[in-house]
Amino acid sequence: MSKSKKLEFRPNDYVVYPAHGVGQIVSIEEQEVAGYSLELFVISFEKDKMTLRVPTNKVTESGLRSLSSPDVISQAMKTLKGKAKVKRAMWSRRAQEYEQKINSGDLISIAEVVRDLHRTDDQREQSYSERQLYEAALERLTREVAAVSGAGEISAAKQVDEVLTSRAAAAAA
């Protein structure tokens, strides 16, 4: 592999890996695999106590991306304010679609899942699988908002919750 290919990511950069959310590049290392020398991004997902190694030449296929821009964050917040769109399909089909959206790594799609599965106290109880998907999407969204704002997860969670609460209040009015 030629060294001339410019790496978009550097150690300490926060990145988003579609299937796991926000992680931090700890280092770039070389490893020999089947006689070939491979250059790898070592990405730590501290909250999940997990380390992932992604070959630098497979970044595009893996879907690894930089954190969203503040514009995308505000678009995601706008999405949260929208009216929930719940299809009339069977739950298993909808659950599959929600999971695909969460694992797409696309922040707007993740925000749609949070919006569509959010329940206020006076709404019907969520099923276990609904709650699991909602919490997974909410966590992905919150972690990225926190990483972009640099303000920490607690304040990001508060920000997301305020948007959802204001939406619920507006719907009730």
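How many residues apart in helix α5 are Glu139 and Arg143? They are 4 residues apart, so about one helical turn separates Glu139 from Arg143. The legends below describe a predicted model.

**View 1. Glu139 and Arg143 pair within helix α5.** Their side chains form a salt bridge, with N to O at 3.0 Å. Glu139 is partly exposed, because its relative accessibility is 39%. Arg143 has 12% relative accessibility, so Arg143 counts as buried.

**View 2. Asp48 and Arg143 form a salt bridge.** The N to O distance is 3.6 Å. Asp48 sits in the loop between β3 (36–45) and β4 (50–55). Arg143 belongs to helix α5 (residues 128–149). The pair therefore ties together parts that are 95 residues apart in sequence. Asp48 counts as partly exposed, at 36% relative accessibility.

**View 3. A network of salt bridges includes Arg143.** Lys47, Asp48, Glu139, Arg143 and Glu153 are linked in this network. The structure holds 12 salt bridges.

**View 4. Arg119 meets Glu130 in a salt bridge.** Their side chains come together at 3.0 Å, N to O. This pair links distant parts of the chain. Arg119 lies in the loop between α4 (107–117) and α5, and Glu130 lies in helix α5. The two residues are 11 residues apart. Is Glu130 buried or exposed? Glu130 is buried, because its relative accessibility is 4%. Arg119 is partly exposed, at 21% relative accessibility.

Methods: Residues numbered from 1 in each chain as written. Predicted model: local features only at pLDDT ≥ 70, side-chain atom pairs only at ≥ 80, totals over all residues. Heavy atoms only, no water. Salt bridge = Lys/Arg side-chain N within 4 Å of Asp/Glu carboxyl O. Buried < 20%, exposed > 50% of the residue type's maximum accessible area, 1.4 Å probe, protein only.
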